[in-house]
Amino acid sequence: MFGRSGSPHTPLTADQRNSFVAALLGWTMDAFDYFIVVLVYADIAKEFHVSLTTMAFLTTATLIMRPVGAIIFGLWADRHGRRIPLLVDVSFYSVVGFLCAFSPNFTVLLVLRLLYGIGMGGEWGLGAALAMEKIPANRRGFFSGVLQQGYSLGYLLASLASLVVLSWWNLGWRWLFALSVLPALLSLLIRTRVKESEVWEETRERMRVTQSSLRDVFLNPAVLRRFVYLILLMTAFNWMSHGTQDLYPTFLKAHDNGGAALSETTATWIAVLYTVGATIGGVVFGSLSERFGRRYTIVFCAVLGLPIAPLFALAPTAGWLALGAFLMQVVVQGAWGVIPAHLTEMSPDTIRGFYPGVTYQLGNCLAAFNLPIQQSLAASHGYPFALLWTIVPVLVAVSLLTLLGKEAKGIEFGGRLGTSRTEATAR
């Protein structure tokens, strides 16, 4: 039986540590490369002579292709193990991200972002599955919160990199993509030291003995119902995160349509501040989910975001905007900090490489038009309207969908008991 509970103070083994650090770094660099576009897409639009609304589809292209990557690498991982697909995936998106620096026009950059979406889609599900399968069950909440904040850390690093490269060094946006390959290669180096998942090895042996297949497990009606439910939940979650992040840097700097009209440097420091808030929220609430449960922790965070929304979008000064953004990301990413543990615990052992990643990324795909919609609303009704009328409904949706579901907190992965309990809790 793997993922067995132990003392909260027992140090991780070298393999557990390497697996977790590799997953964290991989997700961090995925987010870093994604948010580079968010932070500089106005600069790219100016160079390539396209509108901001057209440029917004660069992020949409990345999000749309993420389910493709989750399916390809997830099925590969469930059939042949987690380790090799992860190594190939990291190598693939590192090269594609680097090539973005040399895009001669918008069309080439769009194609590269489509390809990057495939790599980004494969990273999260496989990395989370491998890390959570190795982490002790009673410590998943804390490490789930830390792991998911790789996304916020990537945003923070992208904000700092743009500040240094664009504001301090006066270099162009292409340098940001070129520099992103270095930490991605570090993640690849650490991953070469990670052993295969023992849970996967035992599960494959059991499937061989029982002559069962991945198809048999997936087509179980209870597993299918849960699959659809988790896609809906992840759609709301992704709309919540992208709705509070993607348009916000542009809102802070815009001088028209109700924008905050802040300087580039001030807007960047606010982005740094609210990314720190996101990291704090993910770790704190991820840990608290071990005590209060996955569902109730998520609902608490989403409901807490409702009274923060007016401060987030309507505050009259930079200081109040910074506070609103900080608090909003504490609760948004606080809810997200629960997700790696929650999705992997709700996934059958036999398809854990495929199941959490695909539900996550299909939800992302359905939420992919958030930025174009927000940008269009901002052009017609102003940025505060666009933010409030997309964020408030989705906070309510996250709360209701989470309450409708169940959870499998603390379930043991691997072995006969692990599979039967996980597959039986298709709630």
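Which residue forms a salt bridge with R352? Select R352 and D349 to find out. D349 is the partner, and the closest N and O atoms are 2.6 Å apart. Colour the pair by accessibility next. R352 and D349 are both buried. Keep in mind throughout that this is a predicted model.

**Stop 1: a network of charges**

Zoom in on R82 and E133. Their side chains meet in a salt bridge, at 2.8 Å from N to O. Where does R82 lie? Look at the loop between α3 (57-80) and α4 (83-99). E133 belongs to helix α5.

Is R82 buried or exposed? R82 has 0% relative accessibility, so it counts as buried. Turn to its partner. E133 has a relative accessible area of 2%. The cut-off for buried is under 20%, so E133 is buried too.

**Stop 2: a link from α1 to α5**

Select D33 and R113. They form a salt bridge, with the closest N and O atoms 2.7 Å apart. Show the helices around them. D33 is in helix α1 (residues 14-48), while R113 is in helix α5 (residues 106-134). This pair links distant parts of the chain, 80 residues apart. Both D33 and R113 are buried.

How many salt bridges does the count come to? The count is 12. Those between D33 and R113, R82 and E133, and R352 and D349 are among them.

**Stop 3: a nonpolar patch on the surface**

Leave the charges and switch to a surface view. Select L153, L157, L160, W168, W169, L171, W175, L179, L182 and W269. Together these residues form a nonpolar patch on the surface.

Which helix gives the most to the nonpolar patch? Helix α7 does, with 4 residues. Helices α7 (150-168) and α8 (174-179) each supply at least two residues of the patch.

Notes
Residues are numbered from 1 along each chain as its sequence is written. This is a predicted model: local features need pLDDT of at least 70, side-chain atom pairs count only at pLDDT 80 or more; totals for chains, interfaces and linings use all residues. Side-chain values use heavy atoms; hydrogens and water are left out. Patches are made of residues with over 30% relative accessible area and no salt bridge: like charges are joined within 9 Å, nonpolar side chains (Val, Leu, Ile, Met, Phe, Trp, Tyr) within 5 Å. Accessible areas come from the Shrake-Rupley method with a 1.4 Å probe; for residues, only the protein chains shown count as cover. A salt bridge is a side-chain nitrogen of Lys or Arg within 4 Å of a carboxyl oxygen of Asp or Glu. Buried means under 20% relative accessible area, exposed over 50%, partly exposed in between (1.4 Å probe, protein chains only).
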